[in-house]
Structure formats: structure tokens, C-alpha cells
Amino acid sequence: MTGISARGIEVRYNGRPAVAGVDLEVAPGEWVVLVGPNGSGKTSLLRALAGTVAAVGEVEIGGRSRGILGRRRAARLVALVPQDPVLPGGMTAAEYVLLGRTPHLGYWAAEGAADRRMALAALERLDAASLAGRPLGALSGGERQRVVLARAVAQDSAVLLLDEPTASLDIGHQQQVLDLVEGLRQERSIAVLGALHDLTLAAQYADRLVLLARGRVVAEGPAAAVLTPEHLSLFSGARVVLLSGPGGELVVAPRREAPGEERGWGASARAGAEE
Amino acid sequence: MNPEKPLRRVGPTGLAVALGLLIAVLVGGVLVGAVGLAPGRVLAELVDRLPWVSVDSGLSRQEAAIIWDLRLPRLVLAALVGATLAAAGAAYQGVFRNPLADPYLLGVAAGAGLGATLGIVSAGAASPIVPGAAFAGAVGAVLLTYALGGVAGGGRAGTTLILAGVAVAAFFTAVQTFVQQRHADTVREVYSWILGRLSTVGWTEVGLLAPYAVVSVVLLLLHRRLLDVLAVGEEEAETLGVGAARVRLVVVLAATLGTAGAVAVGGLIGFVGLVVPHAVRLLAGTSYRVILPLSVLGGAAFLVAADLGARTILAPAEIPIGVITAFVGGPFFAVVLRTSRRGWGP
Amino acid sequence: MNRKALVPVAALALTASLALAACGEGPAAETAAPPAGTFPVEVEGTLIPAAPQRIVSAAASHTEILYAIEAGGQVVATDQFSDYPEEAAGTPKFDSFNLGVETVASFDPDLVILSFDPGDLQAGLAALGIPTLLLGPPVALEDVYGQIGALGQATGRIAEAERLIEEMTTAVEGVVTAIPAGAAITYYYELDPTLYSLTSRTFIGGLLARLGMQSIADAADDGSGYPQLSGEFILAADPDFILLADILCCGQSAASVAARPGWSSLAAVEAGRVVELDDDLAQRWGPRIVDLLREVAGAVHGGETG
């Protein structure tokens with residue numbers, strides 16, 4: 001059983017702190033969602049956990065420090081789905097997904113039949129099997145995003161880091177992808193840490209939310225505890241209304257200003273709080 | 001659906017075509033030259049060398065010497081140089097994710113030029129120290145580039161290295177120009193070396209280059225899968241367990257070894273390392289699993305054909321082989337430009 | 001004319017003139033007879049007002065001629081390649097590759113002799129009132145005699161010039177007549193290791209033609225007279241002799257030629273018929289042309305000639 005934990009993570013770009021001291025833990029089988037306004041440090045935190053950016057602090061995977069594990073073993077355990085993946089235009093979707101098997105191969109080894117099967121299976125799971133032979137440059141935004149996820153699935157890791165995995169997807173595919181992650185989580189007890197901008201989806205799928213603002217954890221816990229009007233005002237002064245769905249799930253709905261209402265960043269949050 | 005199908009490898013057809021092309025060009029190179037020799041006799045002469053076969057080809061002693069001591073070593077050398085440069089070019093294009101990368105990217109050309117100039121100035125163009133000096137200069141330039149690229153920070157990322165290579169090349173070229181000015185009487189010899197020629201080579205040069213060429217090409221071929229991984233960028237490659245910096249270092253070392261050897265023996269032959277991988281990419285796709293092996297064969301065939309042109313177009317005079325490759329490379333790039341506008345890019 | 005009778009006469013004349021010439025050489029040359037000849041005189045279109053006493057010679061060939069017609073005492077500066085005779089090597093030197101009006105004028109010359117004009121040098125010197133003679137590379141042996149005559153006129157050494165021409169003509173005659181008649185001997189004349197050669201219609205080629213020799217480069221002439229050959233061409237032509245003129249400049253030798261791939265199969269290499277020529281002798285067109293001719297004739301036809 002492998003989870004991921006981080007202590008005292010700090011990330012700086014040119015001296016400017018993007019992540020200013022974060023402790024975080026995701027247990028195996030847990031789904032933690034990162035939420036927060038733009039620039040709050042979600043991507044930087046994910047990159048720090050994935051080891052692709054220089055960071056202060058300790059990251060442990062399955063109880064072992066990332067430094068001790070080494071690059072390849074860490075890659076077998078942690079998969080990252082980046083927000084802006086590099087998609088070589090001429091590469092086919094199948095080849096791209098096959099790249100996910102790289103951590104499991106030797107330095108000069110080639111993929112075997114089992115690897116190829118897993119790659120194609122991953123594509124099927126994401127409803128993208130028909131895209132297998134097509135070059136990435138010919139795919140739509142949504143298709144590309146599913147292919148990127150398929151690569152992470154093929155990587156067969158114990159920890160999954162997702163950075164805005166649903167950004168380009170239509171609502172149906174958004175749900176499909178999140179249901180898939182949910183399925184994987186249950187099958188393989190994957191520890192999932194994802195950043196989502198859609199607060200309703202975040203609330204519906206997460207075991208636990210972590211709210212980041214200006215590089216620090218502002219709130220952590222179940223959705224109802226984190227998504228309070230006070231916290232939501234951190235989202236650039238958003239005007240929202242918190243609703244309750246038929247099954248009791250939390251829905252965060254944007255609220256349009258009524259005529260005559262005071263404009264401005266701060267006033268709207270106050271107005272929302274009065275409801 | 002056949003699970004194997006979407007994964008492109010070098011299919012047997014691709015290999016067969018490339019190999020066939022190479023063999024055809026080699027045969028052409030043996031049969032054709034400044035001096036006309038009857039094809040039947042040439043083949044008879046070649047067959048005579050096979051064990052347990054004895055055939056009288058009817059060629060005079062000098063004509064036989066033309067085949068064995070002039071044409072054949074030249075063909076083999078052209079094939080080795082072409083294969084090495086094309087493999088290095090393809091590998092650099094993959095490791096720097098830059099379609100304009102060629103084997104001379106990190107200052108190799110300038111370093112070799114400076115080394116050769118110093119050798120020619122101090123010992124004359126015929127001296128055996130010239131190839132050694134060129135080799136040393138080429139390797140030295142790359143080491144300096146790496147040192148500079150590391151010092152400049154940025155963790156030796158691809159672009160930093162390329163920029164360091166530009167700086168090193170500029171510096172070495174300046175020194176070379178200065179030395180040449182002080183020894184104006186050697187300008188012709190140096191220029192002729194730079195243009196590249198395979199005209200005075202024999203089996204010794206083949207023996208000199210072969211170990212470097214083989215090691216370089218084999219190492220690069222072994223890395224073709226990793227080059228595909230690097231296509232998604234250094235950061236994502238990291239998350240897939242591949243250290244881009246380390247792969248880049250090994251690829252650069254292997255490519256430099258081969259390129260330095262090729263340049264030491266044949267001078268600065270341009271465009272092979274740039275044009276051949278591009279041609280292969282246009283015909284066979286963007287996976288380095290395909291591009292690298294086909295570039296090796298294609299590069300060999302291309303340079304053998306270019307050498308054939310060099311020694312027959314103005315026979316008995318010789319056109320420097322760098323001129324032939326440039327004449328082909330220029331128009332070829334115009335073609336690439338037109339076709340790439342509808343393509344997906346690298 | 002009876003050829004057989006001419007030989008001993010020529011030999012006598014040659015010996016006599018050689019003896020005379022030998023008398024004329026040595027340290028006493030400085031105090032040789034003053035220049036004769038009438039001045040002012042027009043030579044090759046240039047007016048020379050008086051017998052020149054401060055001559056600047058920019059080509060080794062002309063330097064050698066000047067000293068051979070006893071005008072050496074009138075020479076004040078020579079180019080860096082003028083190393084023959086010994087007295088010439090001791091004169092002040094200048095760089096003939098970077099020749100400018102100032103450099104020449106700094107020697108305060110009253111006659112400048114050039115083999116080529118690097119660009120407005122003649123015009124510049126004319127503007128300073130310094131007469132120049134431009135005597136370019138000869139095409140045939142007669143041109144050399146012509147240049148000797150011109151230099152004789154220009155320096156007031158007409159008698160000496162005529163004597164030199166006489167000596168050279170006789171010596172050449174002697175060498176040529178001693179050549180046994182027979183089929184033409186083919187040769188490959190190497191100018192540099194990249195296999196540049198010369199044809200029979202060049203100056204050297206013409207000289208060698210008098211010895212009954214024909215250049216294999218004739219078949220490959222591209223119009224310049226100096227075509228580049230290839231290894232294949234030379235192997236196929238299999239010349240009787242190989243003449244190397246790139247010994248000093250480019251480090252070639254009979255051994256290095258034999259080591260070239262495929263060249264060991266050449267008849268000339270096998271039989272040791274590779275002649276190493278002195279680069280300087282082969283490139284200059286002074287009185288020592290005769291020595292070059294003798295050397296080649298001796299190597300090709302063997303035994304004593306001339």
C-alpha cells in the first residue's frame with residue numbers, strides 16, 4: 001500500500017514563493033482534491049510532489065523518501081498528468097500511451113507484448129481506443145486530454161497526481177474521466193491527488209478537499225467544511241450560491257449579479273454571505 | 001484490432017528498401033568512376049576475391065588497383081561517414097527537440113576547423129597529425145560547450161547547451177580566422193580541407209574511422225526508444241523515470257565521437273546530418289525507432305551517391321564533396337518547408 | 001648542317017662560356033665593369049632615364065637573371081623568395097605577398113621589376129616617377145630569352161645579357177640533341193598533393209616536350225593548362241615517369257607517393273622512376289632553367305647529357 005506524503009514543501013521561482021510551506025498527506029485509496037484560485041500554487045505543489053521542480057521539504061512515497069527511491073522507481077509509483085502536456089504532433093495516440101510503460105522498462109529495453117496490451121487497454125478504458133492509430137496533432141482537445149490520461153493509467157502507478165484533468169472536456173467526458181479515476185481508486189487503491197477548478201465536481205468526488213491560497217493551506221477537510229462563503233471569497237471575489245442537490249451533495253453555483261446590486265470584488269461576497 | 005498495428009517500427013519493407021538503395025548505390029560506385037571500366041570485368045574482379053573462386057577479370061594491374069585501392073575504400077569510407085553523420089544528426093534532433101539540429105551543433109565544426117588549421121599551419125596538409133588535431137579540436141569544443149553550459153546555469157537544459165555551443169563555435173572560428181590570417185599561404189589548403197574530400201583516402205583511413213563510427217552508431221541506435229520518450233519534453237520525461245540530462249550527455253558523447261572521427265578523416269561535410277533524418281521523417285514518420293535505423297542506411301547511401309557525383313561530374317577533376325551535399329541540401333530544404341506546413345511537426 | 005659536327009663545337013663553346021661565366025662570379029662581381037648601353041632607353045613601354053643603380057626586384061626569377069647578367073651590384077632590395085645566388089640572399093628583403101607602394105618606395109628605387117601587379121602598384125609608382133618593368137610568367141623558352149634581353153637593356157648590361165642567352169641556348173641545344181630519338185615518354189608532373197598537374201602547352205610542359213616527353217594531363221586539359229587529375233586517371237594512364245614539384249612546399253617524396261593507396265601498382269613507382277625536383281628550380285624561369293632541363297633529361301634518359 002503506497003500513499004504519498006509531503007512536509008514543509010516550498011517552491012520558489014526567481015525568489016518569488018509559489019508554495020510557501022505545505023504539509024499534505026494522501027493515504028492509499030484516498031482521493032484528495034486541491035482547490036484554490038489561480039496562482040495559489042496548485043500546479044507548483046503537484047510538480048514538487050512529482051519531483052519535476054526544485055523544492056524544499058520532504059516527499060515520501062510509501063514511506064520512503066523520493067531521493068532514496070531514485071527517478072525510475074519513483075516513476076513507477078507516481079504518475080503525473082500535467083496541465084499543459086507536450087504532445088508531439090506526429091506521434092500516434094498508441095505510441096504516446098505506450099510511453100507510460102517507460103518506468104517499467106530497462107534503460108535500453110524495448111516494450112513487450114504485455115506492455116502493448118496494457119497501453120491499448122488504457123485507451124479502451126478512456127473510451128479512446130478508436131484514436132489509437134491517429135497522430136496527436138489530428139486530435140481534438142478533449143481527445144487529447146483522454147489520451148494523456150490513458151498514458152497515466154498505463155503507467156500503472158500507486159499514486160496519481162492530476163493537474164486539471166477535465167479542463168477541455170465536455171460535461172459527459174468530465175464525468176467519465178472522474179468516474180474512471182474513481183474506479184481505478186477502488187480497484188487498485190490508488191492514492192489520488194488532483195487539482196480541479198470545478199468546485200462542484202471537486203465536492204462530489206473528493207474524500208477530502210484542500211484549499212490553497214497564496215501558496216499555503218487555508219482549509220482542509222470535507223467539502224462542506226471547506227467550501228464556505230468565507231473561503232470562497234478567496235476565489236477572486238466570486239459570487240456563488242451554495243445549494244444542496246437531491247442526494248445531499250453540495251453544489252456550488254455561480255450567481256449572476258442582480259440589477260442594482262453593488263459592483264465590486266468584495267461586495268459580492270458579502271452579498272452572497274447574507275443569503 | 002491488431003494490437004501491434006498502431007505501433008510503428010521499422011517494418012521489413014522499410015528496411016529492405018533502405019538496404020536495397022544502399023547496395024544499389026554501392027554497386028554503382030564501384031562500377032562508375034573517372035576511368036571507364038567494363039562492368040563485366042569489374043564484377044569478375046570482385047567475384048575473384050571470394051574464397052574458393054578464381055576468375056580472370058582481364059583487368060590490368062593498375063585497373064585492379066583502381067578498384068581495390070581507390071574506389072572500394074572510398075565507398076566504404078563514404079558509407080561510414082554518411083551513416084555516422086546521419087545518425088548523429090537524427091539523435092541530436094531528438095535529444096534537443098529541434099528540427100534544425102545537426103551533428104555540428106555544439107561547436108564540433110568550429111573545433112575541428114581550428115584543430116585542422118593549427119595542424120596544417122604547423123606541419124603541412126599532408127601531415128598525419130592533421131586528422132588527429134581535427135579530432136582533438138572537435139572533442140575539445142564539445143567539452144568546452146558542456147562546461148560553459150553548466151556554468152551558465154539552467155541545469156544544462158537543451159537550450160542552454162545550444163547557446164553555449166554557439167558561443168564556443170564563434171570563439172573557435174575567430175581564433176581560426178586569426179591564425180589563418182597570420183599564415184596566408186596555407187589558406188588554400190585549409191579551405192580545401194574544410195570543404196571536405198574523400199579523394200586521397202585508402203584502407204588506412206577506413207581503419208581509423210571504423211571503430212569510432214561503429215561505436216557511435218551502435219550507441220545511438222540503442223537510444224532510439226529513449227529519444228521517443230524525450231519527445232514529450234524534459235519535465236514529463238522525468239515523471240516517466242527518464243533523466244533527460246543523462247540521456248543527453250550519453251547521446252552527445254556518442255554522437256561527438258562519431259562526428260569527430262568522420263570530420264577528422266573527411267573534412268567538414270555538411271547537410272548529411274540535417275537532410276537525411278528529415279527525408280526519413282517525411283517518408284516514414286516521426287518515431288525515432290524508425291528514423292534512426294533508416295537514417296543510418298540512408299545517410300550511407302546518400303554520401304556514397306554524393307561521392308560518386310564528386311568524382312564523375314567534372315572528371316578527372318574532383319568536386320569537393322561538401323559542395324555536392326550543399327547543392328542537394330539547399331533545394332531539399334525548400335521542399336521540406338513546403339511540406340511541413342501541412343504536417344504535425346516533429 | 002651536320003649534327004655530329006655541331007656537338008663538339010657546342011661543347012667547346014659551352015665550356016668556354018662556362019669558364020668566362022665562372023670568372024665573372026665571386027666577390028669580384030661587385031667591382032665588375034660599369035653598365036654600358038645607351039640611356040635613356042625605352043624597354044617594354046617603360047622609359048628608363050639612366051642606368052639604374054637602385055633596382056628593386058620582386059620576383060626570384062628576375063633576381064637570378066639580374067645577377068647572371070652581372071647587374072647584381074645595381075640591386076638594392078629583393079623579395080623574400082630571392083635566395084639565389086648567395087649575394088641575392090643577403091640583400092634587404094620585403095614581402096612580395098603584401099607589396100604596397102610605400103614599401104617599394106622606401107627603398108628609394110630607380111627601377112622596379114615585377115612579375116605581377118597586385119593592384120595599381122605600377123600606377124602608384126609611376127605617379128612617384130619610378131619606372132617599373134612588368135615581366136609576367138613566360139609561356140615558352142623564347143619568352144625567357146626575351147626577358148633576359150629586356151633586363152639587359154634596362155640595366156645597361158646588353159653584352160652580358162646576350163652572352164647569357166647564348167650560353168643558355170647552347171646548353172639547351174646540347175641537352176636536346178643528346179636525347180635519343182624514339183617514342184614519346186609520358187610523364188605525370190605533380191604540382192601539389194591534390195593532384196594538380198600541367199599540360200604540354202604550359203611553360204614547363206613546353207620545355208619537357210623538347211626532351212621528347214608528353215604530359216598525361218594533356219588528355220584532361222580544362223583550358224587552363226593546369227588541370228586537376230584524379231587517382232583513377234593517373235593509374236589508368238600509367239605514366240612512364242613521375243615528376244614531383246611539391247617536395248619542399250608540401251612534404252611529398254618518392255616514398256610518400258609510393259605509399260598512396262593504389263599507386264604502388266604504377267610502373268613508374270615500381271621501377272623507381274619518380275623524380276624529386278627542387279621546387280624552386282621548377283617554379284622559376286631564370287638561367288637555372290637549364291639545370292632543370294638537365295636534371296630531368298638525366299633522370300629520364302640516363303647517362304650524361306649536354
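Which elements of chain C are included in what covers the buried residues of helix 2 of chain C? The model is predicted, with local features requiring pLDDT of at least 70 and side-chain atom pairs counting only at pLDDT 80 or more, while totals for chains, interfaces and linings use all residues. Residues are numbered from 1 along each chain as its sequence is written, and chains are lettered from A and ligands numbered from 1 in the order in which they are written.

View 1. Helix 2 spans residues 60-68 of chain C and is largely enclosed by the rest of the structure, because nine of its nine residues are buried. Here, a residue is buried if 20 or more other C-beta atoms, placed from the backbone, lie within 10 Å of its own. Helices (H or I, at least four residues) and strands (E, at least two) are DSSP runs numbered from the N terminus. The buried residues are Ala60(C), Ser61(C), His62(C), Thr63(C), Glu64(C), Ile65(C), Leu66(C), Tyr67(C) and Ala68(C). Their cover includes strand 3 (55-57), strand 4 (75-79), helix 3 (86-89), strand 6 (111-114), helix 6 (141-155) and helix 7 (158-177) of chain C. After helix 2 of chain C comes Glu70(C), with a positive phi near 60°.

**View 2. The contact of chain A with chain B.** Chain A contributes 32 residues and chain B 25 residues; two residues are in contact if their C-beta atoms, placed from the backbone, lie within 7 Å. On the chain A side, two or more residues come from each of helix 3 (71-77), strand 6 (78-81), helix 4 (93-98) and helix 5 (113-125). Helix 3 of chain A provides the largest share, four residues. This side of chain A comprises 18 nonpolar, eight polar and six charged residues. Nonpolar denotes Ala, Val, Leu, Ile, Met, Phe, Trp, Tyr, Cys and Pro, charged denotes Asp, Glu, Lys and Arg, and polar denotes the others, Gly among them.

**View 3. The contact of chain C with chain B.** In this contact, 22 residues of chain C meet 25 residues of chain B. Helix 9 (residues 231-237) of chain C supplies the largest share of the chain C side, five residues. That side holds eleven nonpolar, eight polar and three charged residues.

**View 4. The two domains of chain A.** Chain A is assigned domain 1 (4-227) and domain 2 (228-275), with bounds from an automatic or database domain assignment. Their C-alpha centres lie 29 Å apart. The contact takes 13 residues from domain 1 and eleven residues from domain 2 of chain A.

Technical notes. Buried ≥ 20, exposed ≤ 12 C-beta atoms within 10 Å, placed from the backbone.
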